[in-house]
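Okay, everyone, thanks for coming. Let me put the structure up, and then we'll walk around it together.

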Amino acid sequence: MIDIVMVWAGGLVLGMFWCLYRYVTLMTGWHVAVATVWKSGYSDLERLDDFAHPISSFGTLRGWNIRDDDGMRWTEDEVAFTTAEGQRVRAMVGRQVKRSWKPERVFRVWYNRENPQAVTVHGPGHWLFTALFQFALLIFIFAWGIEWLLTGHPPQWLDALFAAERAAQAS
């Protein structure tokens, strides 16, 4: 059991470093722009189909897609935006939209200054928040869970927290 937890913790560490790498990359070499959807990957017919099937993707026109989230649908849109240098660029960007809602036609994107065709909707704030969340999970695992796995008993502070409840159940 401890091996599984340690592999999971190692995956969290790698994921945290990846998120921090994306954060630094976006802060140093990318720029923000306001993009307009040129051609959407989420048609009105698919939107109406999702309205009839609000929870499950199975059985819809698009079928099941691993990138779809609960209540969200993955779309790939062609967007147009103007770079800081004044160049007009059209690029493909993937994003999640609320299932059965009409997606926004204008939104913020981040583009690579050297290659404006490289576009993402997840800015540095998204990656920093994700890295901090993973760090909090790691702190939780190592401060609380490792002792429990090694000894087989919960930590003393947790045991004391539920001592009164167990005493009430015993009587």
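Let's begin at Met27, which has its place in helix α1. When I say helix, I mean a DSSP run of H or I of at least four residues, and a strand is a run of E of at least two, both numbered from the N terminus. Met27 is partly exposed, with a relative accessible area of 47%. For that scale, buried means under 20% relative accessible area, exposed means over 50%, and partly exposed is in between, using a 1.4 Å probe and protein chains only. Now find Trp110: it is 83 residues from Met27 along the chain, and their C-alpha atoms are separated by 9.9 Å.

Quick housekeeping. This is a predicted model, where local features need pLDDT of at least 70 and side-chain atom pairs count only at pLDDT 80 or more, while totals for chains, interfaces and linings use all residues. Residues are numbered from 1 along each chain as its sequence is written, and side-chain values use heavy atoms, with hydrogens and water left out.

Zooming out, the protein chain has five helices and five strands. Reading from the N terminus, the elements go α-β-α-β-β-β-β-α-α-α. Of the chain's 171 residues, 34% count as buried.

In general, strands of a sheet pair through backbone hydrogen bonds, either parallel or antiparallel. Here, two strands count as paired if DSSP finds at least two bridges between them.

Let's go through some of those pairings. Strand β1 (residues 30–39) is joined to β4 by seven bridges, and the two run antiparallel. Along that pairing, His31 stands opposite Tyr111 in β4, Val34 faces Arg108 in β4, and Thr36 has Val106 in β4 as its bridge partner. Toward β2, β1 has three bridges, again antiparallel, and Val37 has Val79 in β2 as its bridge partner. Then β4 and β5 pair over two bridges, in the antiparallel sense, and a hairpin of six residues joins them. Tyr111 turns up again here, with Val119 as its bridge partner in β5. And β4 is mostly covered, since five of its seven residues are buried.

Next, the aromatic rings. How many aromatic pairs does the structure hold? Two. A pair of aromatic rings is described by the distance of the centres and the angle of the planes. The rule here is that rings of Phe, Tyr and Trp (its six-membered ring) pair if their centres lie within 6.5 Å, and planes under 30 degrees apart are stacked, over 60 edge-to-face, and the rest tilted. Trp18 is partly exposed at 48% relative accessible area, and Tyr21 is partly exposed at 47%.

Phe81 and Tyr111 form a tilted pair too, 5.2 Å centre to centre with 35 degrees between the planes. Phe81 lies in strand β2 (residues 72–82) and Tyr111 in strand β4, so this pair ties together parts 30 residues apart in sequence. Buried or exposed, what are Phe81 and Tyr111? Both are buried.

One more ring: the charged end of Arg22 sits over the ring of Trp30, 5.6 Å from its centre. To count, NZ of Lys or CZ of Arg has to be within 6 Å of the ring centre and within 35 degrees of the ring normal.

Last stop, the largest pocket, with a volume of about 350 Å³. It is lined by 15 residues, and the closest to its centre are Met72, Arg95, Gln96, Val97 and Glu104. A pocket, on a 1 Å grid over the protein atoms alone, is an open set of points where a 1.4 Å probe fits, with protein on both sides within 12 Å along at least five of seven lines, and lining residues have an atom within 4 Å of a point. The volume is the space filled by probe spheres set on the points, which are joined across faces, edges and corners. Which strand gives the most to the lining? That's β3, with four residues.
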